[in-house]
Amino acid sequence: MSRDYGQYCGLARALDVVGDRWNLLIVRELLIGPARYGELREGLFGIATNLLTDRLRDLETAGVVERRLSDDSNAITYALTPWGAQLREPINGLIRWSTPLMIHGREGDDFRAEGLLVALPALFERRLPARHDASVAVAVDGVVIQLRASKSGIEVSRPEGGEYDAVLTGDGAIVLGLSAGALALDDVRTLVDIDGDESALRVFFDAPTSSVHVTS
């Protein structure tokens, strides 16, 4: 690792492993799912090829990332190890903590809708739906993400087929604001397209936040 704080402290040693620039964003991409090198390059706008290679090597050496054969055995993919996947919890906390930093919108920054597959579970983690039978989807830049209300909370996934009670199509910043509870559906009703039962969307976006940890 290029950074070593030399401190016997859990935070310092964690940062020795993931504190370098781009490391946590590589983990973010792999939380979506295993990815080939080129797919990681595409998801990490602005990273130099040699730097991505170095970061992947460092994370692999540390035991955070591992290489696997793709399903068709024709290419190498990168995936999180079980220990690396445990970074989801601190990353979720950082995503929720970042809400005040996100309210100004993109401001020219790159945005990939696939990243909502990491952001939305974090933002919905402590929101409790009033009903447990709703199923909706959000569509951002052509990417569709499924939301289901269950007794354990709000589940976020790629589309699994079947009908939705409603589909909301809108800008990524609006979807993030709704999911974080920083915006209400009434605030943005004229800025999004809603197809289906609007009350089903309110199950998710009007859900109260609990101080109790909810596992989705």
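The stops below cover an annotated region, a sheet and a helix pair.

This is a predicted model, in which local features need pLDDT of at least 70 and side-chain atom pairs count only at pLDDT 80 or more, while totals for chains, interfaces and linings use all residues. Residues are numbered from 1 along each chain as its sequence is written, and side-chain values use heavy atoms, with hydrogens and water left out.

Select residues 9–106, which the unreviewed UniProt entry annotates as "domain: HTH hxlR-type"; such annotations may be inferred rather than shown by experiment. This stretch is 59% helix and 12% strand, with its end C-alpha atoms 35 Å apart. Helices (H or I, at least four residues) and strands (E, at least two) are DSSP runs, numbered from the N terminus.

Next, display the open sheet, whose three strands run in the order S1-S3-S2 with antiparallel pairing; strands pair if DSSP finds at least two bridges between them. Strand S1 (35–36) and strand S2 (65–69) are at the edges with a single partner strand each, so one side of each has no neighbour in the sheet. S1 pairs with strand S3 (residues 76–80) over two bridges, and arginine 36 has threonine 77 in S3 as its bridge partner.

Finally, select helix H8 (residues 116–124) and helix H9 (residues 172–180), which pack at about 25° with axes 8 Å apart; axes are lines fitted to C-alpha atoms over the stretch in contact, and angles run from 0 to 180 degrees between N-to-C directions. H8 is therefore roughly parallel to H9, a term for angles under 35 degrees.

Technical notes. Parallel < 35°, antiparallel > 145°, perpendicular 65-115°, else oblique.
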